[in-house]
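User: I'm new to this one and would like a walk through it. Could you take my questions one at a time?

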Amino acid sequence: MTLPIMPRAADFAYQVEDAATLLARFEQTPNWQERYRQIMLLGKELPCLTNELRLESAQVKGCESDAWLYHIEQDGKHYYLADSDTRIVKGLIGLLLSACHGKTQDQILAFDPAMYFKHLGLEGQLSPSRTNGLHALAKAMIDAVKP
Amino acid sequence: MTHLASTDSALPDSHSQIRSQFPTLTQMLGDYPLCYLDTAATSQKPQCVLDAMAQYYLQDNANVHRAAHQLSARATSSYEKVRDQLQVFINAKRREEIIFTHGTTESINLVAFGLTPQLKSGDLILIDSAAHHANIVPWQELAKRTGAIIKPIPLTQDCRLDLNAYQTLLALKPKVVALCHVSNALGTVNPVIELVQQAKAQGAITLVDGAQAVAHLSVDMAAIDCDFYVFSGHKMYGPTGIGVLYGRFEILDTLTPLLTGGEMIKRVSFDGTEFGSLPNRLEAGTPPISAVIGLGAAIDFLQLSLTPEVKAHEAELLQYLQNQLRALGDVHLYGAHHDNIGAVAFNLADEHHQDVGILLDQQGVAVRCGHHCAMPLMQTLNLKGCCRASIGIYTNKTDIDHFIAALASVKELLL
């Protein structure tokens, strides 16, 4: 049996901005331009996946663009590594990571993406009928911690 | 762009009169008016189409062809009248040559399935490289069933069908040639009359996908002379769920029905069943009656509204769209020729088409972003996907200006 390739544990050790700070900042954004500028900046700060890790087995289905997601659990906390070939989806992943990265199972299971994106002024982006895959990504992150 | 300004001023009353018949187009999306440039995916519907469908459900609702009562007679008469309308609309020889389907995809599936007994291992099927998946996959399935071989007809560098390569392929005596009239992803137009004539000279059965043509061009079966021509109602201002298969009677009558049961039989017993005659033979089950009636209203609308002046206006608007995209800078256009119909395919510099689409959507602009159900074409162009802006009879210069301004904002944000 061949084991699927996984990123190194050290790759998961990165900090994300906490959700409360993020929400406070997004409340200040005057228009969509600024909101999406912030989203793309957030994506830029995230680690990138190398080509070797951009595997079909790690792909999150339901995205028009390509998106990949890895997950590990360490000492009762959950860590993610995710990437996308589009700037906005990567930024949206960043928003999800602020809510889930480094959190406990209970915290992640209690996470309500619909409410979260509503507070961010981005509820329109979460619909499953959208091809950005945000709905699928949120579901994949939550499903990853389910026993 | 003075030539367009003059066209717009020559048309304002009649054009705003056309546009005002489409209720969806007046809405706001947040702070922005809807700028609908996704007509190639589906057109908006004029009030007359909505009214015709409501009228059927409000007053005439009954199944067609069977019950001996007045409602059914009215419904049947409205339904069959649309077949007559279509015969005139596309200049078919006989009304029995018009088959109602659920859309272009089903129409092609009916043909590809129906031809199964007529193909054998090693037979050749030629497919337009710019084809929509609906004009590829049913042929691949036919090839699987019969052992036939698929060969794509390549494109030239400028995204037109390679006519020299086409000649070479035709010399191999293909059994089937599947073409598109207008490419859905690029808006390029094929010289179908010539292409069909050459294919027929080699004895091929010809099918032309007219899904992107019928809303913009007059299509004439006597002139094109193909064996099959297929299109959808919802891309020509009619409802979804209704499509048309035109087939030359002699060959249409040889198709094995894909769907059986319902009104398509002549006699059924447990010893065997005899199929009915065309057109019913290929219309099993209760058809989408209200959608057929809606399509009839859409044809009335097109016959009244798609005048030579309006066609010229649409052509100039597409030119204007191409020119404004070029003028914006950092925009790659794909296969954008002066004689294209309805659509422009583009990318903004090296930006992902989805990022561009999301940011245009923020400004009320509806365009399609993706592979446009033409993955082989995207592979030929070496693209993951692109954006497509497409126009319809209701599109005006303000829409184009709104779109270009929105794309300029996207450019400022991304580049």
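User: At what angle do helix 12 and helix 15 of chain B pack, and how far apart are their axes?

Analyst: Bear in mind that this is a predicted model. Helix 12 covers residues 308–328 of chain B and helix 15 covers residues 397–414. The two pack at an angle of about 20°, and their axes are 10 Å apart.

User: Is helix 12 of chain B roughly parallel or roughly antiparallel to helix 15 of chain B?

Analyst: The angle between them is about 20°. Angles under 35 degrees count as roughly parallel. So helix 12 of chain B is, relative to helix 15 of chain B, roughly parallel.

User: Which residues of helix 15 of chain B meet helix 12, and how does the contact divide by class?

Analyst: From helix 12 of chain B come Leu317(B), Tyr320(B), Leu321(B), Gln324(B) and Leu328(B). They meet Lys397(B), Ile400(B), Ile404(B), Leu407(B), Ala408(B) and Lys411(B) of helix 15 of chain B. By class, that contact has eight nonpolar, one polar and two charged residues.

User: Staying with chain B, how many residues of domain 1 are in contact with domain 2?

Analyst: The domain assignment gives chain B a domain 1 made of 2–30 + 307–414, and a domain 2 spanning 50–303. Their centres, taken over C-alpha atoms, are 28 Å apart. On the domain 2 side of chain B, 22 residues take part in the contact, and on the domain 1 side the number is 19 residues.

User: Which elements of chain B each supply at least two residues of the side of domain 1 that touches domain 2?

Analyst: That side of domain 1 of chain B divides into nine nonpolar, seven polar and three charged residues. The elements that each supply at least two of its residues are strand 14 (343–348) and helix 14 (375–380) of chain B.

User: How many bridges join strand 1 to strand 2 of chain A?

Analyst: Strand 2 of chain A takes in residues 77–84 and runs antiparallel to strand 1. As one example of residues facing each other, Gln74(A) stands opposite Lys77(A) of strand 2. The number of bridges joining strand 1 and strand 2 of chain A is eight.

User: What classes of residue make the contact of helix 3 with helix 6 of chain A?

Analyst: These two helices pack at about 25° with axes 10 Å apart, and their crossing is right-handed. Helix 3 of chain A brings Leu92(A), Ile93(A), Leu96(A) and Cys100(A), while helix 6 brings Leu134(A), Leu137(A), Ala138(A) and Met141(A). By class, the contact has no polar and no charged residues, and eight nonpolar.

User: Which helix gives the largest share of the side of chain A that touches chain B?

Analyst: The contact takes nine residues from chain B and 11 residues from chain A. Helix 2 (32–45) and helix 3 of chain A each supply at least two residues of chain A's side. The largest share, four residues, comes from helix 2 of chain A.

Technical notes: Residues are numbered from 1 along each chain as its sequence is written. Chains are lettered from A and ligands numbered from 1 in the order in which they are written. This is a predicted model: local features need pLDDT of at least 70, side-chain atom pairs count only at pLDDT 80 or more; totals for chains, interfaces and linings use all residues. Two strands pair if DSSP finds at least two bridges between them. Two residues are in contact if their C-beta atoms, placed from the backbone, lie within 7 Å. Domain bounds come from an automatic or database domain assignment. Ala, Val, Leu, Ile, Met, Phe, Trp, Tyr, Cys and Pro count as nonpolar, Asp, Glu, Lys and Arg as charged, and the others, Gly among them, as polar. Axes are lines fitted to C-alpha atoms, for helices over the stretch in contact, and angles run from 0 to 180 degrees between N-to-C directions. Angles under 35 degrees count as roughly parallel, over 145 as roughly antiparallel, 65 to 115 as roughly perpendicular and the rest as oblique. A crossing is left-handed if the near helix is turned anticlockwise from the far one by less than a right angle, and right-handed if clockwise.
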